[in-house]
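I set down here what I looked up in one protein structure, entry by entry.

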Amino acid sequence: MRWLKIGRDFVYPEYKPKWPRNSPYSLDKVLLDIEVDFENRSLKGKAINRLTVLRKIDVIEFDAVDMSIEKVLLNNSNIDYDYDGNVLKIFLPKEADRGEKLEVDIEYYVEKPKMGLWFIPIDSDEPAIQVWTQGEPEDNRYWIPTYDYPDNKTLLEISITCPSWAKVFSNGVLVDKRMLNGKTVWKYRLDNAIPTYLIAFAAGKFSIIEEKYRNILLQYVVPEGRERDVKRSFSKTSQMIKFFEEFTGVEYPYPKYTQICLSEYGGGMENASITFLTDYTLHDEKAHMDFRSEPLVSHELSHQWFGDLVTCLDWSHLWLNESFATLMAALWRRHDLGENEFIYNLLNMLDSYLSEYSSRYSRPIVMRIYGDPEEMFDAHSYPKGALILWTLMSIIGEECFRNA
Ligand SMILES: [Zn+2]
């Protein structure tokens, strides 16, 4: 017999507890104006961060990694700042009081970023053919100088200038598209507040297929030539939205839902109103006998409620995002394919968790001591969390669980 201790093998000696940030300001709106250079794999941008001061401050700090900061303005005037490659500190001329509104404009430049903004093909110096972002957990700070932490929600306007051969997608509604100096400017706006890690855009050669669910625009965006595979992967999207709306009693929160299949992308990411998916989820008729996209599609879609509309305060609570999404995908499976498939799904979750537990480590499900937030994306947060929620639902009853 082998004894396995709780809290075993996850924490290294150098790990320190991480507590929520408790920012002295709230970020109310981000206005981004960026131009993407596919040739040089770079980005030139202007980020306007609109803030409300929550308690007296004389310094504003933004997350900004490995960028060149070219100009900083506070309420349209030049201002002193300091930048160490990780944090941009802006020194206010006089202390700002609680309730005061501030606007900070930052002009910046990013070249060959290590994270956050990916030029495809990755690991190449060739001109890029596709660009996409990956913000979660803390990587949007590689291409946006802003407050990059999940405990704040902000409105967003984003203008993206790209070569005209590229189609560009981002959060919210496309409010303007126009030519400028031989390039195309795409402007998107989201009037729902979201944490900055859910800000995203993708650009490249794509085909778009659209439909509507009530007044919500549904977009399926795939590489050119893959239009015929859309139905196989995404035809149940409307039914899933309806199921999640009925289960939660909460309407789908955003004006549109785009699902975009990207090259060299792993898995899926629930960016608010625009989910990114690996293009491997597209498959032909023959593969369809053994493979389905619905588990991935339903998982990412349910995050629009659990993770996007409601967000964890910090990464120690990541399980709230992932366990709900994992359980909701399983409940969709029960609704779609029946009880046996659901039970089989639960058993697979148990296997997955026990395999991590027995061969790697165990940890409390809410964990303050970790090295990098990435470490929280494990079988404790996904299947174990989902099984705990399912146990809770079984004890209190499905109706009480749904009402709660
Ligand atoms: Zn997820």
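**Entry: Ser-238.** I began with the contacts of Ser-238 (contact means heavy atoms within 4.5 Å). Leaving aside neighbours within four places in sequence, I found Ser-238 in contact with Glu-211, Tyr-213 and Leu-218. Ser-238 belongs to helix H2, residues 237–248. I take helices (H or I, at least four residues) and strands (E, at least two) as DSSP runs, numbered from the N terminus. Ser-238 counts as buried because its relative accessible area is 18%. The classes are buried under 20% relative accessible area, exposed over 50% and partly exposed in between, with a 1.4 Å probe and protein chains only.

**Entry: basis of the values.** The model is predicted, so I note that local features need pLDDT of at least 70 and side-chain atom pairs count only at pLDDT 80 or more, while totals for chains, interfaces and linings use all residues. Residues are numbered from 1 along each chain as its sequence is written, and side-chain values use heavy atoms, with hydrogens and water left out.

**Entry: domains.** I looked up the domain assignment, whose bounds come from an automatic or database source. The assignment gives domain 1 (1–19 + 314–404), domain 2 (25–203) and domain 3 (205–300). The centres of domain 2 and domain 3, taken over C-alpha atoms, are separated by 26 Å. Across these two domains, 27 residues of domain 2 are in contact with 22 residues of domain 3.

Entry: I next looked for empty space. Rolling a probe the size of a water molecule over the atoms shows where such space is left. A pocket here is an open set of points on a 1 Å grid over the protein atoms alone, where a 1.4 Å probe fits, with protein on both sides within 12 Å along at least five of seven lines; lining residues have an atom within 4 Å of a point. Grid points are joined across faces, edges and corners, and a volume is the space filled by probe spheres set on the points.

The largest pocket holds about 590 Å³ of space. I found 23 residues in its lining, and Pro-295, Leu-296, Ala-329, Arg-333 and Asn-345 lie nearest the centre. Helix H3 (294–303), helix H4 (318–337), helix H5 (339–359) and helix H6 (380–396) are the elements that give two or more residues to this lining. H4 gives the most, with seven residues. By class, the lining of the largest pocket has nine nonpolar, eight polar and six charged residues. I count Ala, Val, Leu, Ile, Met, Phe, Trp, Tyr, Cys and Pro as nonpolar, Asp, Glu, Lys and Arg as charged, and the others, Gly among them, as polar. Domain 1 and domain 3 each supply at least three residues to the lining of the largest pocket.

**Entry: helix H3.** I checked how covered H3 is and found eight of its ten residues buried. Among them are Glu-294, Val-297, His-299 and His-303.

**Entry: second largest pocket.** I recorded a volume of about 340 Å³ for the second largest pocket. Its lining has 18 residues, of which Lys-18, Glu-138, Arg-141, Asp-372 and Pro-373 lie nearest the centre. This lining divides into nine nonpolar, one polar and eight charged residues. Here, domain 1 and domain 2 each contribute at least three residues.

**Entry: strand E15.** I followed strand E15 (residues 201–204), where Phe-201 and Ala-203 point one way, Ala-202 and Gly-204 the other, and all are buried. Strands count as paired if DSSP finds at least two bridges between them. E15 pairs with strand E10 (residues 130–133) in the antiparallel sense over three bridges, and Gln-130 has Gly-204 as its bridge partner. Strand E12 (residues 167–170) also runs antiparallel to E15, joined by four bridges, with Lys-167 opposite Gly-204.

**Entry: backbone angles.** Most residues other than glycine have a negative phi, and most peptide bonds are trans. I noted a cis peptide bond from Ile-120 to Pro-121, with omega near 0°; Pro-121 is in the loop between strand E9 (117–120) and E10. Another cis peptide bond joins Glu-136 and Pro-137, with omega about 0°; Pro-137 lies in the loop between E10 and strand E11 (154–163).

Asn-76 has a positive phi near 70° and sits in the loop between strand E4 (68–74) and strand E5 (77–78). I list Asn-76 as exposed because its relative accessibility is 60%. Asp-123, in the loop between E9 and E10, has a positive phi of about 60°. Asp-123 is likewise exposed, with a relative accessible area of 80%.
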